[in-house]
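Here is a brief report on one structure. It covers the pocket, the cores and some of the strand pairing.

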Amino acid sequence: MEWHTPTSMEDALNLLRTERSALHGGGTGLLAAGIERYSHLVDLAGLDLDRIAIRADGSIDIGATCTFAETAQGLDALQPGHILVQSLSRAASTPLRNRITIGGSLGYIPPWSDLAAPLAALDATVHTLSAEGERETPFPNFLDRSRQPPQPFLVTDVTLPPERWKGWYHRLVRTAFDYPRATMAILLQTGEEHVREARIAVGGTRGRVTVLAEVAGRLQGHPLGAEPPDDLLADTELAFPDKPQASGEYLAEAAKIWLFRGIRQLLEVA
């Protein structure tokens with residue numbers, strides 16, 4: 001096996017065109033997929049993608065080789081309580097959070113991802129580089145493989161919009177270290193008395209993420225401190241595949257229960 005350490009994006013892309021080559025960021029995905037499948041590893045450490053930066057408009061760029069731990073720590077310094085701080089600080093285990101990278105997680109985007117639901121709710125943008133050049137793709141579209149750039153491509157950054165939100169995140173698990181059967185992200189922007197805007201996304205569904213735009217729209221204008229309507233999620237359809245120890249039907253009902261609790265908590269109902 002040959003280990004390559006390119007210092008430019010162009011060199012990295014050229015190396016990826018080599019047969020049986022793979023990107024190396026944190027390495028956790030390679031171990032899961034079977035590293036023996038590859039003859040060439042393209043290490044991204046020399047590409048200066050491990051930074052978190054604020055743009056002039058207040059949006060935040062997260063480099064692809066930032067680990068979950070680095071991202072949670074960096075965002076917490078900028079926006080304490082950010083939804084990604086909540087999700088990434090609880091993902092996997094401490095050793096794995098120190099290795100799993102943002103770009104690698106986007107490349108594999110497993111059904112149990114703690115990154116997917118928050119990025120969908122935030123309407124984040126994924127930046128990629130391929131032979132076609134640079135591309136910016138809204139995260140929900142990025143999940144559609146047909147909308148991704150042609151192979152091979154590199155994820156270079158993820159951009160989070162500048163708006164600040166009150167966030168709530170939940171992982172449906174049996175134990176803290178377990179893979180989540182479902183993940184839920186709720187975001188609210190509030191005025192002095194009412195909800196100005198809401199966003200809700202559920203991960204682990206068929207298609208990986210479901211954005212509940214209609215439910216979020218019903219929360220707009222809802223008084224703070226007041227109970228959400230009992231039937232807020234009654235007509236919501238969540239399609240989960242059957243998973244170990246949990247049927248799709250059970251996961252859908254459990255997700256609705258937790259979403260209602262999260263909305264109630266963000267409204268700060270006494």
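A pocket is an open set of grid points with protein on both sides within 12 Å along at least five of seven lines, and its lining residues have an atom within 4 Å of a point. The model is predicted.

**Pocket.** The largest pocket holds about 1200 Å³ of space. Its lining counts 45 residues. Nearest the centre lie G29, G104, S105, G107 and Y108. Helix α6 gives the largest share of the lining, five residues. By class, the lining has 24 nonpolar, 16 polar and five charged residues. The elements below each supply at least two lining residues.

| Element | Residues |
|---|---|
| β2 | 21-24 |
| α2 | 28-33 |
| α6 | 102-108 |
| β8 | 153-160 |

**Cores.** The largest nonpolar core has 48 residues. I62, L84, I102, L106, L119, F139 and L160 have the most contacts inside it. Helix α7 (residues 116-122) contributes the largest share of this core, six residues. What does I102 touch, leaving aside its neighbours within four places in sequence? Its contacts are I62, G63, A64, C66, F68, T71, L88, L115 and V158. A second, separate core has 28 residues, including L188, L232, F240 and A252.

**Strands.** Strand β3 (residues 40-43) is covered on both faces. H40 and V42 are buried on one side, L41 and D43 on the other. Strand β1 (residues 2-4) runs parallel to β3, joined by three bridges. There, E2 stands opposite H40. β2 also pairs with β3 in the parallel sense, over four bridges. A22 has L41 as its bridge partner in β3.

Definitions and conventions. Residues are numbered from 1 along each chain as its sequence is written. This is a predicted model: local features need pLDDT of at least 70, side-chain atom pairs count only at pLDDT 80 or more; totals for chains, interfaces and linings use all residues. Side-chain values use heavy atoms; hydrogens and water are left out. A nonpolar core is a set of buried Ala, Val, Leu, Ile, Met, Phe, Trp, Tyr and Cys residues joined through side-chain atoms within 4.5 Å. Buried means under 20% relative accessible area, exposed over 50%, partly exposed in between (1.4 Å probe, protein chains only). Contact means heavy atoms within 4.5 Å. On a 1 Å grid over the protein atoms alone, a cavity is a set of points where a 1.4 Å probe fits but cannot get out, and a pocket is an open set with protein on both sides within 12 Å along at least five of seven lines; lining residues have an atom within 4 Å of a point. Grid points are joined across faces, edges and corners, and a volume is the space filled by probe spheres set on the points. Ala, Val, Leu, Ile, Met, Phe, Trp, Tyr, Cys and Pro count as nonpolar, Asp, Glu, Lys and Arg as charged, and the others, Gly among them, as polar. Two strands pair if DSSP finds at least two bridges between them.
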